[in-house]
Amino acid sequence: KCRMDRRYLSPLELLNNATHHAYCADYLLRHVALGEVQRGDTIDVLSPVVSLMYQAFQLLFKAYCLHDHRAIKEHKNLSELVEMNRHLGLSSQEISLLKTLARQYAFHKGIDYELWENQQQLHVFCEKIVSLYERIQQMMPLELQDDYQS
């Protein structure tokens with residue numbers, strides 16, 4: 001018999017995972033900017049960045065919820081997780097960026113909202129999303145910060 005034990009990740013493990021996703025997205029974004037990663041003029045080259053950042057935000061917001069002892073029983077999309085973290089006091093512009101990220105991520109369902117005229121516009125958006133992640137990560141509760149752990 002194959003027994004599948006399931007263990008839920010701690011807020012720290014979720015944050016660590018989120019940070020790795022964001023780091024990979026940032027790394028890829030920089031190499032696209034340098035022209036080292038390219039497949040023509042298509043927007044598709046930035047799809048992995050969008051996927052990684054969507055996952056990074058999901059993991060980050062789940063970690064914040066778990067830290068506040070608010071268990072998440074069922075799957076939540078990014079918009080629901082943003083709503084559950086209203087106490088972070090995100091500006092309407094930041095919430096709008098996250099909503100745009102969710103719409104751009106809809107490609108994984110086979111949907112394209114055609115938000116961008118060219119790769120450069122999407123690239124600028126991706127840079128804003130990575131910066132937003134870094135800002136929200138700075139709002140991290142003290143107990144979840146590396147310095148506090150050591």
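## Arg 86 and Glu 83

Arg 86 pairs up with Glu 83 in a salt bridge, with 2.9 Å between the closest N and O atoms. The term salt bridge here means that a side-chain nitrogen of Lys or Arg sits within 4 Å of a carboxyl oxygen of Asp or Glu. Arg 86 is exposed, at 61% relative accessibility, while Glu 83 comes out as partly exposed, at 44%. Those labels work like this: buried is under 20% relative accessible area, exposed is over 50%, and partly exposed is in between (1.4 Å probe, protein chains only).

## What sort of model this is

This is a predicted model, where local features need pLDDT of at least 70 and side-chain atom pairs count only at pLDDT 80 or more, though totals for chains, interfaces and linings use all residues. Residue numbers start from 1 along each chain as its sequence is written, and side-chain values use heavy atoms, leaving out hydrogens and water.

## A pair inside helix α1

Asp 26 and Arg 30 also form a salt bridge, their closest N and O atoms being 2.8 Å apart. Both residues belong to helix α1 (residues 11–33), and they are four residues apart, or about one turn of the helix. Helices (H or I, at least four residues) are DSSP runs, and they're numbered from the N terminus. Arg 30 is partly exposed, with a relative accessible area of 44%.

## Arg 7, Glu 13 and the total

Another salt bridge joins the side chains of Arg 7 and Glu 13, at 3.0 Å from N to O. Arg 7 is exposed, with 56% relative accessible area, and Glu 13 is partly exposed, with 31%.

How many salt bridges does the rule give? The count comes to five.

Key. Helices (H or I, at least four residues) and strands (E, at least two) are DSSP runs, numbered from the N terminus.
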